[in-house]
Amino acid sequence: MTESDHTGLHADRVSRRADGGFVLDGVTVAPRPGETIGLLGPNGSGKSTLLRLLSGVLAPSTGAVTLDGLPLPRFGRRAVARRVATVQQNAHTQTELTIRDVVALGRIPHRRPWSPLSATDARAVAAALERTGLTDRADRFWHTLSGGERQRAQIARALAQEPSELLLDEPTNHLDIQYQLDLLELVTGLPVTTVIALHDLNLAAMYCDRLLVLRDGRAVAEGKPAEVLTPSLIGEVYGVRAEVTSDRGRPVIRFLRRAPDPADASDPSTRPAGS
């Protein structure tokens with residue numbers, strides 16, 4: 001094993017038990033520095049659980065999560081937070097915070113408790129706001145923001161942590177397509193290693209370097225999008241028929257309508273009202 005094999009955040013054959021069964025079962029993910037890995041799979045496949053294990057919020061029942069080759073529990077929470085930033089699907093707050101206030105929360109791992117922002121903190125916040133295009137909106141209140149702006153502010157907060165690893169759990173959910181594209185352009189252009197859970201297979205194909213596909217808590221495929229996103233795998237994992245073509249080496253998925261069942265024609269409950 002080379003030195004680079006120990007670099008960054010890895011999960012090695014991790015499992016997680018809950019309610020007498022496995023939510024995650026023997027999954028390995030080892031992002032290369034600067035790489036974007038997409039986690040795919042239906043609801044309940046284990047994507048969010050894997051991200052929580054990688055962030056240290058949950059501990060694996062078996063297997064290990066390591067940071068630069070050392071078990072994650074050896075690092076304190078603050079030390080992990082200086083390296084690993086997480087963006088959840090939806091963030092809510094009842095407090096009257098501005099965008100600048102939210103982004104400044106990313107500096108907590110670098111500050112003493114209750115200490116004011118230092119000049120270094122202020123520079124990190126300003127840089128994160130600029131990188132996410134929020135500088136001119138920094139004084140707007142959180143409750144006035146659109147869903148896309150809130151997600152962008154959460155990414156700015158994560159950037160203010162100055163992490164080397166970024167974990168995102170379905171960040172494009174409930175966003176208009178313009179915001180989805182803008183957000184993924186932003187994320188994949190960052191100088192960090194990223195693991196991102198996504199539902200949209202075409203977005204995953206467009207923006208991820210590699211994909212890890214989960215089903216029922218187990219990894220069923222891993223590799224480049226063109227290697228992974230095949231009609232047979234889509235049918236096996238998602239239970240739908242699809243055609244897969246290629247655009248500049250990236251797969252493009254077109255889902256096919258289910259052929260009508262002839263039995264439906266004779267079943268009055270399936271006929272439109274009035275027929």
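Trainee: Which residues of E7 lie on each side, and are they buried or exposed?
Mentor: Glu165, Leu167 and Asp169 are on one side, and Leu166 and Leu168 are on the other. All are buried, so both faces of E7 are covered. Keep in mind that this is a predicted model.

Trainee: What does the burial say about strand E7 overall?
Mentor: E7 covers residues 165-169, and five of the five are buried. The strand is therefore largely enclosed by the rest of the structure.

Trainee: Which strands pair with E7?
Mentor: Strand E6, residues 84-87, joins E7 through four bridges and runs parallel to it. Val87 stands opposite Leu168 in E7. Strand E8, residues 193-197, is also parallel to E7, with five bridges. There, Asp169 stands opposite Ala197.

Trainee: What unit do E7 and E8 make with helix H6?
Mentor: A right-handed β-α-β unit. Helix H6 spans residues 177-188.

Trainee: New topic. What is the strand order in the open sheet?
Mentor: The order is E2-E1-E4-E5, four strands with antiparallel pairing. Strands E2 (21-29) and E5 (70-71) stand at the edges. Each has a single partner strand, so one side of each lacks a neighbour in the sheet.

Trainee: How many bridges join E1 to E2?
Mentor: Five, and the two strands run antiparallel. E1 is residues 9-18. Ala11 has Val29 in E2 as its bridge partner.

Trainee: Which helix lies across E1 and E2?
Mentor: Helix H1, residues 47-55. H1 also lies across strand E4 (62-67), and runs at about 120° to E1.

Terms used. Residues numbered from 1 in each chain as written. Predicted model: local features only at pLDDT ≥ 70, side-chain atom pairs only at ≥ 80, totals over all residues. Heavy atoms only, no water. Pairing = 2+ DSSP bridges. Contact = heavy atoms within 4.5 Å. Axes fitted to C-alpha atoms, helices over the stretch in contact; angles between N-to-C directions. Buried < 20%, exposed > 50% of the residue type's maximum accessible area, 1.4 Å probe, protein only. Right-handed = clockwise from strand over helix to strand, strands pointing away.
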